[in-house]
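Student: I have a chain to go through. Could we take it step by step, from the fold down to single residues?

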Amino acid sequence: MSTQKSFSERVFQAIGFELLAVLLCTPLLAWLMDKPVVDMGVATIAIGLIALAWNVVFNGLFDRLLKRLALAPSAWTRVLHALLFEGGLVAVSVPLIAWWLNVGLMQALILDIGVLLFFLPYTYIYHWAYDVLRARMLERRMA
């Protein structure tokens, strides 16, 4: 969660996050919902595109907040980051899921909660791993 990331790097980080998520979620959700992979793939990609835009904007705002409050990235700030990111996404994704899969809002919410339970640790681990790998690459460039 370094504040020194360029806009293009933020986009790269967000695209990687979403691509890996689509590859992991689509077949699993199709199986769980007993829906065609194509239907789940479209829903997953649509939510992923919304999440991609949210990811870039949210991470920029979150980094500014950390800087303004003089907080260093830590386990607690990463937990807060994951919770706020996913909470914002729920507000948009539940109606979209209900509409696309032709299910009720309650079923869409239950599905979204299941997805959220996957994405909370996924978000934490992905961004932590990205930051660790980024730091190593920057250290190699400096050497």
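Tutor: Helices (H or I, at least four residues) and strands (E, at least two) are DSSP runs, numbered from the N terminus. This is a predicted model, where local features need pLDDT of at least 70, side-chain atom pairs count only at pLDDT 80 or more, and totals for chains, interfaces and linings use all residues. Residues are numbered from 1 along each chain as its sequence is written, and side-chain values use heavy atoms, with hydrogens and water left out.

Student: How many helices and strands are in the chain?

Tutor: Read along the sequence, the pattern is α-α-α-α. The C-alpha trace spans about 55 × 30 × 25 Å along its principal axes. The count is four helices and zero strands.

Student: What percentage of the 143 residues in the chain is buried?

Tutor: Buried means under 20% relative accessible area, exposed over 50%, partly exposed in between (1.4 Å probe, protein chains only). Of the 143 residues, the buried ones make up 38%.

Student: Is glutamate 86 buried or exposed?

Tutor: Glutamate 86 is found in helix 3. Contact means heavy atoms within 4.5 Å. Leaving aside neighbours within four places in sequence, glutamate 86 is in contact with Phe17, Leu116, Phe119, Leu120 and Thr123. Its relative accessibility is 5%, so glutamate 86 counts as buried.

Student: Which residues does phenylalanine 119 touch, not counting those up to four places away in sequence?

Tutor: Phenylalanine 119 is one of the core residues that touch the most other members. Its own list, with residues up to four places away not counted, is Phe17, Ala21, Cys25 and Glu86.

Student: Which residue's backbone oxygen lies 2.6 Å from a polar atom of the side chain of threonine 44?

Tutor: Threonine 44 lies in helix 2. Its relative accessible area is 12%, so threonine 44 is buried. Beyond four places in sequence, threonine 44 touches Val22, Cys25, Thr26 and Leu29. The backbone oxygen at 2.6 Å belongs to methionine 40.

Notes. A nonpolar core is a set of buried Ala, Val, Leu, Ile, Met, Phe, Trp, Tyr and Cys residues joined through side-chain atoms within 4.5 Å. A polar contact is a pair of N or O atoms within 3.5 Å; within protein, one must be able to donate a hydrogen and the other to accept it, and residues adjacent in sequence count only if both atoms are side-chain atoms.
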